[in-house]
Every structure is written in C-alpha cells, then in structure tokens.
Amino acid sequence: MKTMRLLSITVSCTAAIVALLSTAGTAQQKVPFRGETPIAPSGIPKIPLPDQPVVYDTAEGQRIRVVVHASGLSHPWSLAFLPDGTMLVTERDGRLRVIRNGVLDPKAVEGVPTIRRAGLSGLMDVVLHPQFASNNFVYLSYAKPLNEKESATAIARGKWNGTALTEVKDVFVAPAGVGGGARMAFGRDGTLYVTTGGGGGNGPQDPNGLGGKVLRLKDDGTIPPDNPFVGKPGHRPEIFTMGHRSSLGLAVHPGTGEVWQNENGPNGGDEINILKPGANYGWPIISLGRVYAGPWQSPSGVFYREGFEQPIVYWTPAIAVSGMTFYTGDRLPKWKGDVFVGSLREGEIPGTGHLERILFNEKMEELRRESLLQPLRQRIRDVRQGPDGLLYLLTDEDDGAVLRIEPAS
Ligand SMILES: [Ca+2]
C-alpha cells in the first residue's frame with residue numbers, strides 16, 4: 001500500500017516535471033537568424049573611451065590606471081615597438097601608422113603593399129625581425145589580391161628607414177583562397193610562425209592544403225628543412241601544426257621558448273594551445289564549443305579523440321580571443337608571468353570585449369582567470385608589452401585607440 005502510494009507520487013511528480021519541461025521548451029525566446037547564425041543583439045550601446053585615466057582595483061592587488069595613449073586609428077590590428085620606443089600600428093584597411101611618444105603621425109607609412117579588405121581581414125600583423133637592429137626588416141601579413149576575385153594570405157618584408165618601408169617584397173604568398181587571421185611570431189630559432197584561417201569545411205584536416213594551419217618559415221619565406229612534414233608525400237612542407245579554426249594570437253613563452261597559439265571556436269570552444277611539431281588540434285572534428293545555431297560542434301558531444309591535442313585553456317562561452325602576450329615586466333609586478341588575451345566580445349554579445357589575465361602554475365596549468373576593463377566595452381584586438389614594461393592594448397573600433405595599462409600606486 002505504502003509502495004503503491006510512493007509509486008503514484010513518483011508518477012505524478014514525473015508527469016509534472018515532463019509538463020514543466022515541455023512548457024519551458026515552448027516558452028524559449030525566438031531570435032532572428034541570418035543563415036545559420038543568430039543576429040547579435042544590440043542592447044548594449046557603444047560608449048566613448050573616457051577622456052581621463054581610469055583607475056581599477058584588480059584581483060591580485062595590482063592597482064592599475066588605464067590611459068588612452070593614442071586615438072584616431074581605424075580598426076588597428078597589431079603593433080610592434082621599434083628599439084627607440086616608436087610604435088608601428090597596422091590598420092585593417094591597409095595603412096601602417098607610426099606613434100612617437102603617444103603622438104599619432106597623421107601620415108601613413110609609405111611602402112605598404114596593396115591589400116584586399118574582406119570580412120575581418122586586410123592588413124594584419126606587423127613584426128620585427130629578431131635582428132632588426134642590424135637589418136631593419138619589418139614583416140607585414142595581409143590579404144593579397146591575386147586577381148579580381150581571389151586573394152590569399154601573404155607576408156611582405158621591407159626595410160624600415162626611419163619613416164618608410166623600402167625594398168618591400170613578398171616573401172610568402174599562400175595558395176588562392178587561404179585567408180583569415182594571419183598572426184605572426186618569430187621563434188627563438190629565428191623561424192617565423194604564421195597562422196592561417198580554416199574557412200568552412202574540412203580544410204584544417206587536409207595536410208595537402210594550407211588553410212587552418214600554423215606554418216613555419218625561414219626569415220626569407222623558404223621552408224626550414226626540419227619542418228615536421230618535409231619530404232612526406234601528400235603533406236605541405238610549410239605546415240607546423242594543423243586542425244585550427246581561426247587563430248588570432250601567437251606568442252613565444254619567455255621561459256620555455258614554446259609557441260603558444262590561440263584560436264576562436266564558433267559559439268564557445270575558444271582555445272589556447274601549445275604548438276608541437278606535426279600535431280593536430282582537432283578542428284573541425286573535435287571542439288569544446290557549439291555551432292552558432294546551438295548544437296555541439298563535435299558529433300554526439302565527443303570532446304576527446306585519440307590523436308588530437310587538447311587546449312591548455314578553453315572558453316565556453318566564447319570570448320572571441322585575439323592578440324596574446326606573456327607579461328615579463330617589472331612595472332606590474334603582481335602580473336609577472338601571466339598570460340594576457342584580448343577579447344572582442346563575450347557570449348556572442350557585442351559591447352562585452354575586455355582583457356583576460358590567466359595565472360598558471362609551474363606546469364602551465366591554469367590557476368586563476370580574471371576579466372579586466374569590461375566597463376570600457378571595447379573590442380580588444382591586441383595586447384603587447386612595451387619596452388617600458390607597461391601593457392599596450394589596441395581597440396578594434398571605428399575610432400580605435402591604443403590603451404596603456406600602468407601601475408596606479
Ligand atoms: Ca582544438
């Protein structure tokens with residue numbers, strides 16, 4: 001009798017839960033889509049950057065002051081510091097700009113190749129040769145128009161003469177159609193690492209194509225003989241790692257010399273990876289995120305498969321990772337050794353870009369993660385350490401700026 005009553009209570013409870021779930025199911029908000037992607041909501045308005053420095057308390061007790069170092073840039077993408085402290089900044093539309101002592105030169109640098117602006121790519125990264133002091137080489141990554149319709153990721157190298165780039169030539173041009181974010185970094189051995197976007201489809205898993213890869217080149221654009229796939233049939237010898245979606249950050253660990261890369265998932269599944277020669281990082285077979293329309297990217301929610309590397313850090317929801325740097329300076333001592341990553345927007349919501357700080361232990365396992373500068377509501381495209389030991393950020397906006405983070409006390 002008692003059992004019967006218990007059973008009947010269980011049955012009615014179950015019925016109630018089922019009823020509740022189905023009500024909840026029909027009560028979800030319907031949001032507008034463009035194709036397979038929900039249209040981003042616009043409820044958080046843009047706000048101008050403050051005209052006075054802003055002071056923030058942060059988690060480790062590192063009190064900071066955020067200063068607008070320079071403004072008037074159009075969608076700045078990357079920056080590089082010359083030995084004398086002069087800053088070179090790329091603008092996505094194809095201009096290279098100079099900032100001296102916080103003053104933006106109104107004239108763009110001459111010598112930049114013709115780029116094609118498409119989607120979010122155009123003129124992208126700027127890096128100096130490791131021996132810049134003696135050879136003055138500056139490298140630019142960009143979307144190169146090949147003909148009226150086609151373009152490809154290219155790397156141009158020129159000589160900085162103090163005001164302009166001279167003797168500019170392409171040292172590398174990818175096959176037509178290879179595009180996306182082209183971040184560059186020189187490794188300790190003097191080789192140049194370059195990211196390529198994965199595009200749609202299975203390209204990142206194709207060892208005979210250059211989309212969705214990290215490439216490793218010599219400083220003249222030729223192929224280092226010790227690249228992992230040199231001499232392997234059906235494999236492009238430029239490839240260092242594969243299985244990447246949309247890489248926007250690349251930085252060399254100051255202690256180990258390993259190359260760290262970050263990439264964007266779609267709706268979640270942003271990653272930081274440590275690159276190992278010849279390794280496969282999984283896209284689009286495995287991912288820790290969802291596709292924009294909702295389902296998991298990995299079939300049946302399989303997040304791990306033999307033969308694929310897993311990230312050391314991941315984000316779900318996505319923060320739209322961008323530029324990345326290790327902080328090694330003394331001016332912000334409580335942040336020494338931490339990784340900083342720019343965020344363009346969080347959780348698919350515009351107006352939520354910020355800077356993330358990640359604290360690791362000695363084994364490079366994550367201990368803490370902090371979101372910084374959210375009140376500014378800026379898309380943070382890049383973050384770099386200046387020769388003065390301060391952090392410099394780029395905001396990816398129509399009226400883009402260089403922000404400086406300095407100690408507040
Ligand atoms: Ca991955």
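A residue is called buried if 20 or more other C-beta atoms lie within 10 Å of its own, exposed if 12 or fewer do, and partly exposed in between, with C-beta atoms placed from the backbone. Helices (H or I, at least four residues) and strands (E, at least two) are DSSP runs, numbered from the N terminus.

1. Basis of the note. The model is predicted: local features need pLDDT of at least 70, side-chain atom pairs count only at pLDDT 80 or more, and totals for chains, interfaces and linings use all residues. Residue numbers start from 1 along each chain, as its sequence is written.

2. Background to the points below. Most residues other than glycine have a negative phi, and most peptide bonds are trans.

3. Glu348. In the loop that connects β22 (339-343) with β23 (354-360) sits Glu348. Its phi is positive, near 65°, although the residue is not glycine. Glu348 counts as partly exposed because it has 17 C-beta neighbours inside 10 Å.

4. Asn136. This residue occupies the loop between α2 (132-135) and β10 (137-145). Asn136 is likewise not a glycine and has a positive phi, near 60°. With 18 other C-beta atoms within 10 Å, Asn136 is partly exposed.

5. Trp283 to Pro284. The peptide bond between these two residues is cis, and its omega is near 0°. Pro284 belongs to the loop running between β19 (270-274) and β20 (313-315).

6. Thr316 to Pro317. Here too the peptide bond is cis, with omega about 5°. Pro317 lies in the loop between β20 and β21 (321-326).
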